Amino acid sequence: MPFLGQDWRSPGQSWVKTADGWKRFLDEKSGSFVSDLSSYCSKEVYNKENLFNSLNYDVAAKKRKKDILNSKTKTQYFHQEKWIYVHKGSTKERHGYCTLGEAFNRLDFSTAILDSRRFNYVVRLLELIAKSQLTSLSGIAQKNFMNILEKVVLKVLEDQQNIRLIRELLQTLYTSLCTLVQRVGKSVLVGNINMWVYRMETILHWQQQLSSIQITRPAFKGLTFTDLPVCLQLNIMQRLSDGRDLVSLGQAAPDLHVLSEDRLLWKRLCQYHFSERQIRKRLILSDKGQLDWKKMYFKLIRCYPRREQYGDTLQLCKHCHILSWKGTDHPCTANNPESCSVSLSPQDFINLFKF
């Protein structure tokens, strides 16, 4: 087949120009069949159409794959290993760079919230991320953050526990997003602004659901808390680490209100959370000339962070620099791996990725 621009008319052949192009009639000597040049052009057009359709199909297939991935954003990205290697520097022998988002994806926080020993730890970590570290997460990590938060809210709505804790978390996140959304377009948040506005509306809906929870008194006719001896009631109240819980307990019954005002309770609470030096700086005297430990406690929590306690925490192995939950096996070469592990508070976890 000749190339375009080449002379098609050979000697001894009859050519006629028609509306459809050049047509060659029968060769007078060889008697060959009539060949239509337009058929070649039609074939070229057909091939181009096939190529165009094939490209469209590939683009459509990729778009469907992306849509399927986006529709499954409620599924957290799980990894086989439940630990992650963390090191602040990289050498020729090993690569140790790790981000907060990568650690957040790998350490299986979605399952950790189902463990009562780890629930408060994860919630505190979510609160710290919502305050100042949300923009340091990758797009996938931000999706996982919202998915884990949704699971936390659903768990609280179901068992009706830790309501105040989650309401404070949602309020912190909403306040941060109100500031960050105004800066969309400056590489602050990953994603479309409409997506984040929708997430803020979802947070408001969760807050309304938590506010409308009505805790009903169980139909139990046995022994209740107020039926216990006073010494046992005080012993139980001494184990409460949040002064707001003491105040709420005192509002349940007149007798409990008297116990909740006990000076020894508030003194122990102050000494548990704060140092002697901090307490001496915030002394408050009552009308009777005695230390008002209750007022001092609420004054101290506005000035200093409270002591945190958790049933289970993340641990960092000093020998191999591997971060994991307590009890998780990791490839450590130390003779006694347990002696190399250090418990990390939620703030220590955040500081670990501040390079």
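**Helix H11**

I began at the start of H11, where a side-chain oxygen of Asp 262 comes to within 3.1 Å of the backbone nitrogen of Leu 264. The model is a predicted one, in which local features need pLDDT of at least 70 and side-chain atom pairs count only at pLDDT 80 or more, while totals for chains, interfaces and linings use all residues. Residues are numbered from 1 along each chain as its sequence is written, and side-chain values use heavy atoms, with hydrogens and water left out.

I then looked up the buried residues (under 20% relative accessible area, 1.4 Å probe, protein chains only) of helix H11, residues 263-273, and found Leu 265, Trp 266, Leu 269, Cys 270 and His 273. Seen down the axis of H11, these buried residues fall within an arc of 130 degrees, so they line one face of the helix; the arc is that of the directions from the helix axis to the C-beta atoms. Among the elements that cover them I noted helix H8 (230-237), helix H9 (243-250), helix H10 (254-260), helix H12 (276-281) and helix H13 (293-303).

**H9 against H13**

I next took up two of these covering helices, H9 and H13, which pack at an angle of about 135 degrees with their axes 11 Å apart. That angle makes H9 oblique to H13, given that angles under 35 degrees count as roughly parallel, over 145 as roughly antiparallel, 65 to 115 as roughly perpendicular and the rest as oblique. Their contact (heavy atoms within 4.5 Å) is made by Gly 243, Arg 244 and Val 247 on the H9 side and by Lys 294, Tyr 297 and Phe 298 on the H13 side.

**The four-stranded sheet**

I traced an open sheet of four strands in the order S4-S6-S5-S7, with antiparallel pairing, where strands pair if DSSP finds at least two bridges between them. Its edge strands are S4 (83-85) and S7 (341-344), each pairing on one side only, and the twist averages 25 degrees from one strand to the next. S4 pairs with strand S6, residues 322-325, in the antiparallel sense over three bridges, and I found Tyr 85 opposite Ile 322 in S6.

**Ser 176**

I located Ser 176 in helix H6, residues 163-181, and it counts as buried at 12% relative accessibility. Leaving aside neighbours within four places in sequence, I found Ser 176 in contact with Ala 130 and Lys 131.

**The chain**

I recorded 15 helices and seven strands in the chain, these being DSSP runs (helices H or I, at least four residues; strands E, at least two) numbered from the N terminus. Of the 355 residues, 32% count as buried.

Methods
Buried means under 20% relative accessible area, exposed over 50%, partly exposed in between (1.4 Å probe, protein chains only). A polar contact is a pair of N or O atoms within 3.5 Å; within protein, one must be able to donate a hydrogen and the other to accept it, and residues adjacent in sequence count only if both atoms are side-chain atoms. Axes are lines fitted to C-alpha atoms, for helices over the stretch in contact, and angles run from 0 to 180 degrees between N-to-C directions.
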